[in-house]
Amino acid sequence: SEVVLDHPEALISLHEEFVHAGSDVVEAFTYYGHRHKLKTIGREDDLEKLNKAALSIARDVADRTGTLMAGNLSNTSIFDPDKPEMFQEITAMFEEQVGWAVEGGADYLIG
């Protein structure tokens, strides 16, 4: 998360290098950008800002290079099939992240 918020120029450069190397897709740096993971590392307050910044950076690079932009989702370590009450929490967590990806103009989602 730090690179997205503290060093966006490094992330822009990384995206541009992948495109230069032949990638047709710019992947937003949002993998593990969900509420549970950021809470684990003490950055939950940066959740929305991080996702929106990462998506904006990726969208900008994709637009400038004529490539696609993908929102990036990860798994979660809190799913427990024996605890059905967790389903709503996990669903809300991913709906939040998917919503930001849609708002940010992702062409599709990967995970």
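## The nonpolar core

The largest nonpolar core has 12 residues. A nonpolar core here is a set of buried Ala, Val, Leu, Ile, Met, Phe, Trp, Tyr and Cys residues joined through side-chain atoms within 4.5 Å. Buried means under 20% relative accessible area, exposed means over 50%, and partly exposed lies in between (1.4 Å probe, protein chains only). The members are Val19, Val26, Ala28, Leu38, Leu47, Leu55, Ala58, Val61, Ala62, Met69, Trp100 and Ala101. Helix H4 (47-65) and helix H5 (86-103) are the elements that give two or more residues to this core. H4 gives the most, with 5 residues. In soluble globular proteins, nonpolar side chains tend to be buried together.

This is a predicted model: local features need pLDDT of at least 70, side-chain atom pairs count only at pLDDT 80 or more, and totals for chains, interfaces and linings use all residues. Residues are numbered from 1 along each chain as its sequence is written, and side-chain values use heavy atoms, with hydrogens and water left out.

## Helix H4

Helices (H or I, at least four residues) and strands (E, at least two) are DSSP runs, numbered from the N terminus. H4 has 19 residues, which should span 27 Å at 1.5 Å a residue. The expected span is 1.5 Å times one less than the number of residues. The end C-alpha atoms of H4 are 27 Å apart, which agrees. Just after H4, Gly66 takes a positive phi of about 70°.

Which residues of H4 are buried? They are Leu47, Leu50, Asn51, Ala54, Leu55, Ile57, Ala58, Arg59, Val61 and Ala62. Their cover includes helix H1 (2-6), helix H2 (8-20), strand E1 (25-27), helix H3 (35-40), strand E2 (68-72) and H5.

## Two helix pairs

The axes of H2 and H4 come within 10 Å and cross at roughly 40°. Axes are lines fitted to C-alpha atoms, for helices over the stretch in contact, and angles run from 0 to 180 degrees between N-to-C directions. H2 and H4 are therefore oblique to each other. Angles under 35 degrees count as roughly parallel, over 145 as roughly antiparallel, 65 to 115 as roughly perpendicular, and the rest as oblique. The crossing of H2 and H4 is right-handed, meaning that the near helix is turned clockwise from the far one by less than a right angle. Pro8, Leu11, Ile12, His15, Glu16 and Val19 in H2 meet Ile57, Ala58, Val61, Arg64 and Thr65 in H4. Contact means heavy atoms within 4.5 Å.

H4 also packs with H5, at an angle of about 35° and with axes 9 Å apart. The crossing of H4 and H5 is right-handed. On the H4 side, Leu47, Glu48, Asn51, Lys52 and Leu55 take part. They meet Glu96, Gln97, Trp100, Ala101 and Glu103 in H5.

Val61 lies in helix H4. Is Val61 buried or exposed? At 0% relative accessibility, Val61 counts as buried. Val61 touches Ile12, His15, Glu16, Val26 and Thr67, not counting residues up to four places away in sequence.

Ala28 is another member of the core. With residues up to four places away in sequence left out, Ala28 touches Ala54, Leu55, Ala58, Met69, Ala70, Gly71 and Asn72.

## Two loop residues

Lys83 sits in the loop between E2 and H5. Lys83 is partly exposed, with a relative accessible area of 41%.

Gly105 is in the loop between H5 and strand E3 (108-110). Gly105 is partly exposed too, with a relative accessible area of 28%. Leaving aside neighbours within four places in sequence, Gly105 is in contact with Arg59 and Met69.
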